[in-house]
Number of protein chains: 2
Amino acid sequence: MTHDFELDPRLAADTVAVADWPLSRLLLMNDARFPWLVLVPRRAGLSELHGLSAEDRPVLFAEVLKAGAGLKAATGAAKINTGALGNLVPQLHIHVVARNPGDTAWPGPVWGQGAAKPYGAAALEALLNTLRAAL
Amino acid sequence: MTHDFELDPRLAADTVAVADWPLSRLLLMNDARFPWLVLVPRRAGLSELHGLSAEDRPVLFAEVLKAGAGLKAATGAAKINTGALGNLVPQLHIHVVARNPGDTAWPGPVWGQGAAKPYGAAALEALLNTLRAAL
């Protein structure tokens with residue numbers, strides 16, 4: 001199934017690629033308001049977490065935890081928020097977001113809150129370098 | 001550590017107990033707007049998913065997937081939303097929410113959206129019976 005995988009065009013438009021992990025494509029949301037990763041298992045036709053195969057389940061969970069721990073270490077965030085929603089983009093994707101008291105959505109969720117604020121080119125490159133080193 | 005576990009009083013106030021699973025206490029949010037489960041691993045002092053022990057990680061993920069699949073089957077929901085936020089209540093807890101186009105928060109997230117609408121006693125008992133049978 002992996003060879004049938006294509007990243008949803010809305011996810012592609014909102015993100016930049018960080019890495020391909022064994023199961024997931026690791027993306028960074030181009031939104032400077034929050035350091036925000038998205039993991040997309042490279043499997044075609046998945047929309048619910050419970051649709052994962054028995055083999056893929058522990059791999060995805062390990063990747064989600066690795067992303068969260070690494071993002072927290074790299075950013076010094078107070079809290080990691082993790083979510084799989086998919087009400088707008090059905091392709092299974094897991095958000096891993098660094099949160100801090102005083103960020104523009106705190107203490108609410110980031111989803112559906114205002115418009116993304118794209119990174120400048122230098123800030124984006126610096127953050128990608130930091131994340132690739134930390135993850 | 002399990003014997004030190006105490007459910008956060010805010011979670012206790014907002015929910016009713018459904019079951020104790022091997023790792024998690026399974027709760028139902030008393031909010032008739034959305035069929036909404038919350039899983040709380042019975043471990044003291046946890047706040048991040050990546051703080052789980054290696055032994056507990058696959059158990060929690062299996063319980064989250066079981067809750068999502070069971071809730072979807074029991075309610076016929078269009079989509080399951082899964083999230084671990086913890087910006088207000090630091091005790092690690094995972095939300096598993098049944099979502100449908102036209103629900104009061106669709107397509108946004110349920111967190112931080114308006115006030116809970118408690119179930120009537122008969123509706124609550126019926127839903128608990130349905131969930132206990134499905135899960």
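**Group meeting: a predicted two-chain model**

In chain B, a hairpin of six residues leads from strand β2 to strand β3. For chain A the average pLDDT is 96, and 98% of the residues score at least 70.

Let me stay with the strands of chain B. Strands β2 and β3, the latter covering residues 36–41, pair in the antiparallel sense over five bridges. Within that pairing, B:R25 has B:V40 as its bridge partner in β3. The hairpin from β1 to β2 passes through three residues. How many of the six residues of β2 are buried? Five of them are, and the strand, residues 24–29, is thus described as mostly covered.

I turn now to one residue of chain A. A:L60 is located in helix α2, which spans residues 56–75. Is A:L60 buried or exposed? Its relative accessible area is 0%, so A:L60 is buried. Beyond its neighbours within four places in sequence, A:L60 is in contact with several residues of chain A, including A:L23, A:S24, A:L49 and A:I94, and also with B:F61 of the other chain. A:P41 belongs to that list of contacts as well. A:L60 and A:P41 are 19 residues apart along the chain, and their C-alpha atoms are separated by 7.3 Å.

Next, the relation between the two chains. Chain A is superposed on chain B by a rotation of 180° with 0.0 Å of shift along the axis, at an RMSD of 0.0 Å. The two copies are therefore related as by a two-fold rotation axis. In chain A, the C-alpha nearest this axis belongs to A:G83, at 2.0 Å.

What does the contact between them consist of? Chain A contributes 29 residues and chain B contributes 29 residues. Because 100% of the interface residues of chain A are also interface residues in chain B, the copies meet through the same surface. Between them the chains bury about 2,600 Å², of which 62% is on carbon and sulfur atoms.

Four salt bridges are found across this interface. In one of them, A:K72 pairs with B:E48, with the closest N and O atoms 2.8 Å apart. B:E48 also forms a salt bridge with A:K79, at 3.0 Å between the closest N and O atoms. That pair crosses from the loop between β3 and α2 of chain B, where B:E48 lies, to strand β4 of chain A, residues 79–84, where A:K79 lies. Both B:E48 and A:K79 are buried.

Finally, salt bridges within a chain. Over all chains the count comes to 16. In chain A, the side chains of A:R43 and A:D56 meet at 2.7 Å, N to O. A:R43 lies in the loop between β3 and α2 and A:D56 in helix α2, so this pair ties together parts that are 13 residues apart in sequence. A:R43 is partly exposed at 23% relative accessibility, whereas A:D56, at 10%, is buried. In chain B, B:R43 and B:D56 likewise form a salt bridge of 2.7 Å, N to O. I close with a network of salt bridges that links A:D20, A:R25 and A:R42.

Note on methods
Residues numbered from 1 in each chain as written. Chains lettered and ligands numbered in written order. Predicted model: local features only at pLDDT ≥ 70, side-chain atom pairs only at ≥ 80, totals over all residues. Heavy atoms only, no water. Buried < 20%, exposed > 50% of the residue type's maximum accessible area, 1.4 Å probe, protein only. Helix = DSSP H or I, 4+ residues; strand = E, 2+ residues; numbered from the N terminus. Pairing = 2+ DSSP bridges. Contact = heavy atoms within 4.5 Å. pLDDT = per-residue confidence, 0-100. Least-squares fit on C-alpha atoms with pLDDT ≥ 70 in both. Buried area = accessible area lost by both parts, 1.4 Å probe.
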